[in-house]
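The sequence and structure come before the text.

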Amino acid sequence: MKIRIDHKICTGCKQCEIACSLGHTGSVNPWRSRIRVFVGEEFCLPVIAGPYTEAACNSKGIRIAEGVDVDACVICRASCPAKSVYKEPDTGIPLKCDFCGDPPNPQCVLWCAPNALTLVED
Amino acid sequence: MFGWNGKILRIDLTQGTSRVEDLPAYLMKYYVGGRGMGARILFDEIDPRIDALGPANKLIFATGPLTGSGAPAASRFIVSAKSPLSNCVASPCCGGYFGANLKYSGYDLLIFEGKSPEPVYVTILNDRVEIHPAGPLWGKVSSDTEKAIRNEMKTDYGLDNWGLNCMGIANIGPAGENLVRFASIMSDGGRAAGRSGLGAVMGSKNLKAVAALGTGQVSIADVEGFRKAVMGFYAEARDNGEFQKRRRYGTWGLPGRANSSKSQAAFNFKAGYSEAFVKYENPEVIRDLIRVRDEACFSCPFSCGKRSRIKDAEYPLTAKGPEHETMALLGANCGLGDMEDICRANYLCNELGMDTITAGTMISCAMELFEEGHLPEKDLGYALEFGNTNMFILLRQIAHRQGIGDLMAEGGIAFATKYGHPELFMGVKGMGIPAWHPQAFDALGLQYATCNTGGSHTKSTMPFYEGRKDPAHFVEFTKKDQDYIAAADSGVLCWIIYHGPLWGEKLSEWLTHVTGVARTKEDLDLLGERIWNLERLFNLRAGITGKSDALPPRITKEPRVKNRVVPLDTLLVDYYEWRGWDKNGVPTRKKLEELALEKEGEGVI
Ligand code: SF4
Ligand code: SF4
Ligand code: SF4
């Protein structure tokens, strides 16, 4: 199972961040979410936290998406020492998407009303 | 604590100090949040007779227990202060990201007092509250102000991209700095606490902007119940055609609906229809012309916001809106028909920080004065018949108080009176009236006339819903809808989604799940009525009486639309009775006792 992200539909509402936080902590705090939405003028980019890396990579730079410059670290899913996203704010413990448990029940997909996030079979 | 933080952040701009206070329990119990708390604090802490632009006025940014909770379309905050335009209590509501961030910073309310000796802006990052000199920001338009503050904060706070774009900023443009009486408070790239001129109150305090970024949380009392309720709401909305339309078109479906039913403000309310708007009767046309993407406020599944773009180098790459109100007031009402022109007018007002509705009625008033020969061309320096794009020059002049703009910045009554025709300003209590022509629906006329904040449409519901057109019942509905919206504004829920009777019961559902304090519909009706009456008492103390519950004579005497006039005098008799007020529109002792407001009524009733 995969979560398909359609950035062209994403509205920047951040209900997915809220859903993830609510599901994992029982309270609402986007800083505890495993999904983060980067809101831009032309489009928004939801990014789901991937694995933790011990060291920052040296391939940082700019990628072009939809004709707009995007910081590569924004698209990168890693919880990494070079950035503050995907870490528990109090403890600094890295966060990683766990598909909301076993069996998977991704809350972010359920709370994404515009269907920018959808569940697809492999 | 669930829902609330239980804290007030109070900033004294005269002294340059801030302190945190506990939020009194009675405020949570009897006023809930947002508009209710704002009204109560204003009533308790300021003399309603003060000069709204003097240092004694207070500016309150008020969230509610639902703000930032994840309840659909509950991103919002209310700004409360005495209005420099209507002299009434004001409570415009604004979306975007600011409200939730104030909440996540650990506060329910943010109160500004006094006046800073120098221009400043304030940043709030949880308990780190700082007042910075705003010298270089003063004079900047709204979007440049936001950009500059984001850049500063990026370095000062070491924020990454995501943290930066979580932030919410409320700010003013040049119009607020120059104390234009209908200046708006702008937020997050084109959202606005637009009506009532509170941008000028911010300007009078030398406060250019306030930025909030919170990393805290809102705790939910009944997580499972809440989650189920939200999912239930999503399922209902999915099958609801109205909602699908809202998501696709935002308010862009309305210009056509208003125009084709001859109910649109047009040509200074001389008409209910504009030939030039016929092409927008299919909202797909507007989408094709200007839309870039759908844009939601924080935590809103409905994304009524639309980012737009026009091909004109002078204007920003993309911008928000225009909404229906703006299209009608700055468009049809000023004789503009070209969508790019309407976008220009919208961008100008947003960047300069002016309410598009009142600005539209100001310009249309000037146009009619000009066409009728009352406003000489030499006073303007250019011609200004309906549809003339010289109105863009005039909008800039108002914001900068240049030439005739200086007088117009004082509001429609002062301006139209100077040129001998106060009746040509289409406003209530000094505030321009909105897009739907009141002669199309009596209920609207009554609503505009009796609204506590001036000529506003967002303090009641729209007149197309069941019963609101029925002559035997709409007065009762007006009273009840006003009370219900006052309660929703205290949540704080978005009017766009919750104004219809359809979703009214959701307010009690969300409040109960989030705060753990059960509130029935009856409790909320009482809450709304208490707020409405308290606001009324504030206005009475400020010297605004039932005599101001009036409409422009064009609406009550000249049949311009559907060959009808609004029979306001008879409606008011009925309305005051439903309210439990006397024939002068003053609450009776009995009513105030019901609402436990008898002490507040002393000296007024
Ligand atoms: S699937 Fe679950 S854990 Fe992963 S981002 Fe979505 S809500 Fe968070
Ligand atoms: S919930 Fe969906 S639309 Fe909203 S920000 Fe997340 S991905 Fe985008
Ligand atoms: S309905 Fe529109 S204005 Fe209301 S919260 Fe949603 S996006 Fe914002």
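## Interface of chain A and chain B

Across the interface of chain A and chain B, the rule finds one salt bridge, the term meaning a side-chain nitrogen of Lys or Arg within 4 Å of a carboxyl oxygen of Asp or Glu. That bridge is formed by the side chains of A:Glu42 and B:Arg309, with an N to O distance of 3.0 Å. The model is predicted: local features need pLDDT of at least 70 and side-chain atom pairs count only at pLDDT 80 or more, while totals for chains, interfaces and linings use all residues. Residues are numbered from 1 along each chain as its sequence is written, chains are lettered from A and ligands numbered from 1 in the order in which they are written, and side-chain values use heavy atoms, with hydrogens and water left out.

The rule also finds 22 residue pairs in polar contact across this interface, both residues being at pLDDT 80 or more. A polar contact is a pair of N or O atoms within 3.5 Å; within protein, one must be able to donate a hydrogen and the other to accept it, and residues adjacent in sequence count only if both atoms are side-chain atoms. On the side of chain A that touches chain B, the elements giving two or more residues are α1 (15-25), β2 (27-28), β3 (35-39) and α3 (107-111) of chain A. Helices (H or I, at least four residues) and strands (E, at least two) are DSSP runs, numbered from the N terminus. The largest share of this side, five residues, comes from α1(A). By class, the side has 19 nonpolar, ten polar and eight charged residues. Here Ala, Val, Leu, Ile, Met, Phe, Trp, Tyr, Cys and Pro count as nonpolar, Asp, Glu, Lys and Arg as charged, and the others, Gly among them, as polar.

## Extent and strand pairing

Chain A gives 37 residues to the contact and chain B gives 42 residues, where contact means heavy atoms within 4.5 Å. About 3100 Å² is buried between the two chains, and carbon and sulfur atoms give 56% of that area. Buried area is the accessible area (1.4 Å probe) that two parts lose on being put together, summed over both.

Strand β2(A) is joined by two bridges to strand β14 (residues 218-219) of chain B, and the two run antiparallel. Two strands pair if DSSP finds at least two bridges between them. In this pairing A:Val28 stands opposite B:Val218 in β14(B).

## Salt bridges within chain B

Over all chains, the structure holds 57 salt bridges. One of them joins the side chains of B:Arg40 and B:Glu600 (2.9 Å, N to O). B:Arg40 lies in helix α2 (residues 34-45) of chain B and B:Glu600 in helix α27 (residues 598-601) of chain B, so the pair ties together parts that are 560 residues apart in sequence. B:Arg40 counts as buried at 8% relative accessibility, and B:Glu600 counts as buried at 9%. Buried means under 20% relative accessible area, exposed over 50%, and partly exposed in between (1.4 Å probe, protein chains only).

B:Lys479 and B:Glu529 form another salt bridge, their closest N and O atoms being 3.5 Å apart. This pair links distant parts of the chain, with B:Lys479 in helix α20 (residues 474-488) and B:Glu529 in helix α23 (residues 521-541) of chain B, 50 residues apart. B:Lys479 is buried at 11% relative accessibility, and B:Glu529 is buried at 7%. Both belong to a network of salt bridges that also links B:Asp483, B:Arg579, B:Lys590, B:Lys591 and B:Glu594.

In helix α23 of chain B, B:Asp525 and B:Lys521 are four residues apart, about one helical turn. Their closest N and O atoms are 3.1 Å apart in a salt bridge. B:Asp525 is partly exposed at 31% relative accessible area, and B:Lys521 is partly exposed at 49%.

## Backbone details

A cis peptide bond, with omega about 0°, joins A:Asp102 and A:Pro103. A:Pro103 lies in the loop between α2 (72-75) and α3 of chain A. The peptide bond from B:Gly491 to B:Val492 is also cis, with omega near 0°, and B:Val492 is placed in the loop between α20 and α21 (495-498) of chain B.

B:Asn126 is not a glycine, yet has a positive phi of about 55°; B:Asn126 lies in the loop between β8 (120-125) and β9 (128-133) of chain B. B:Lys262, also not a glycine, has a positive phi of about 55°. B:Lys262 is found in the loop between α10 (254-260) and α11 (283-290) of chain B and is partly exposed, with a relative accessible area of 41%.
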